[in-house]
Amino acid sequence: VIATSIAALARSFREHADDPVRGLERCLAAVEAAREDRAILSLVPTARAEAEAAARRFAAGKPLGDLDGIPLAVKDCIDVAGVGSTNGRRSASETARHDATCVRRLRQAGAVVFAKTNMHELGILPFGINPHHGTPRNPWDPERMPGGSSSGSAVAVASGIAAAALGTDAGGSVRVPATLNGLVGLKPTFGAVPDDHVAKLTSDLDHIGPLAWTVDDAALVFETIADRKLDRAAVPGRVAVARDFFVGAENGVERVVREAVSAVFPGAPDVDTPMCRWAAPVEMVIVGVDASTAHGELLRSGADELGADARAILQLGAAITPEKRAKADAMRRAIRAELDALFRAHDLLLGPAVGCWAPRLHPDARRFGELDTNRMAQLAAVTFVANLSGLPACAVPCVREGLPMSLQIMGRAGEEARVLAAARLVEQRFGPRVPPRWFGHSVPGAASPPS
Amino acid sequence: LRWFARVTAIPFVRRLVVAKMLRDAGFDRMPNLDAP
C-alpha cells in the first residue's frame, strides 16, 4: 500500500489510527501552506460536516466503503452545490444549486469533496496556465508548466493537498497534467461518466476522469463516478506499440517510453496508425469550432475579461469554415475506424502519454497565457487520439528518476478494466514518486516518501 | 499575445491567421476524406 494513496487513508480510518476529520484538517492546512502554489481556487463549506459524518460512521463500525471520508478535490468546471464555478475565468458563476452527477456519486460514497481546483481558462489548452488566478506550480520544477487543462487537480494531488481529484479531458486535460506531475490519469470511454452540470469545451470530446497516486485509486474513483464495477481479474492481453505516436517527440521521450515497454511488455510489436498522425490538426479544428460556438456570447459580451490565449482561440475558431469542419470530421471517423481495425488484432495500444518533457514556463506566459500551437501539438497530439475516438486511455508514470514521463495505454470502448490491468503492471515496475515540493498532509506520517 | 488577441478580433485578420495556423499544423496536407 502506497503511503500517499486512498487505500492507505482508508485503512488508517478503518483501523482507527486516523479519522476523516483529521484527514480533512491536514488537507486544509496543506491548502493554506500551499497558497502560493495556486492549485486551489475555493473551498467547499459543507466539507467539515461531511467529514464529521464519515467519522461517526467509522466510529460506529459502519463505513460506506473505501471512499468514505476520503478528501477529494474537483476541477472548477464541475459543479459542487453551494460553490460557484469559474471554469478558469476571472470570476465565478452564481453559486451552483446542484452537484454534478459525478460529484453526487462521490459524496454518496462518503467522499469529502473539499476543494475546487485551478485550471486553464475554459479548459482550452493543455498548458495549465491561468493569468487570472495564477498558474499552479509544478511540484517537480517551478520553472516548468504544470500541464492542463486540469492543472490545479494534478498539482493538488501531486503536492499532497488532496488524496485524489477529478479533472475533465477534451484533448488530454486529465492525462497531460497527470503525466507532468507524475500521477495516474484516466480518461474513460466517452459517455461512461455523466457530464451534467459540467462546463464543457466541445460537443463530444469532453470526458470526466480521475487523477490519482495509484492505479487502484484511479480505478476506485472511476468505479464510483461511472457507477460501474471493474473486473479486477482483467488481463492486458495482446499489446502493441503505435510507432506513429513517437513522431515529433522531444529528445529522450521515445527512449524512456520504449525502455518501459520493453521492461513490462517484452516483445510487444510495433503497428502503424497513419490516420492517427492527423489527430492534432483535426482536434484544432473541432475544438476551435465547438468552443467558439459554445462561448460565442462570452466572446461578444465579455471578450475583454478573457485571457489573451482563450480569447484568441475563440476568435480564430469562429473563422473556421464548415468545409474545414467537415474535412476534420471525416478524418476523425477514419481515425476511429483505423483504431477499431487495430483492436481486432490487438487488445491494447501503447505509446507516450505526451510528446515532450514538461515545457519551460516563460514569464510572459504566466501573465498572458500561451498560444504556441507547435508546443501544443507536441505535448498533446497523442492524447487527442483518444478524445477523437472516444476510447479509454490511461497515463501511468514510467520513469524512476528525473522529470516525470508516462506511458499511455489505450483500449477498446468500455474496456477500462483491461487498460488499468496493464497500467498496474507498469506501476509495479516504476511505482509512484513523491516530487521535491510536497506538503504531504493527506496522510498521517507523510513527511517521508511513500513505501 | 494580448496584441495578438486584439488583432484577431478583426475578421479579415482572423481568416488569414487561421489559414496560416492550419497550414502550419498540416491540415492542408491532410487527405480530404470528405471529398465526393
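This is a predicted model: local features need pLDDT of at least 70, side-chain atom pairs count only at pLDDT 80 or more; totals for chains, interfaces and linings use all residues.

Residues are numbered from 1 along each chain as written, chains are lettered from A in the order written, and side-chain values use heavy atoms, without hydrogens or water.

Chain B contains 2 helices and 0 strands, taken as DSSP runs (helices H or I, at least four residues; strands E, at least two). Its C-alpha trace spans about 40 × 15 × 10 Å along the principal axes. Of the 36 residues in chain B, 28% are buried, meaning under 20% relative accessible area with a 1.4 Å probe.

Chain B and chain A bury about 2,300 Å² between them, with 79% of it on carbon and sulfur atoms; buried area is the accessible area (1.4 Å probe) lost on being put together, summed over both parts. B:Leu1, B:Phe27 and B:Met30 supply 27% of the area that chain B buries against chain A, more than any other three residues. Contact here means heavy atoms within 4.5 Å.

| Chain | Residues in the contact |
|---|---|
| Chain B | 23 residues |
| Chain A | 26 residues |

Across this interface the rule finds 0 salt bridges (a side-chain nitrogen of Lys or Arg within 4 Å of a carboxyl oxygen of Asp or Glu). Helix H1 (2–7) and helix H2 (11–25) of chain B each give two or more residues to the side that touches chain A. H2(B) gives the most, with 7 residues.

Methods
Buried area is the accessible area (1.4 Å probe) that two parts lose on being put together, summed over both. Buried means under 20% relative accessible area, exposed over 50%, partly exposed in between (1.4 Å probe, protein chains only).
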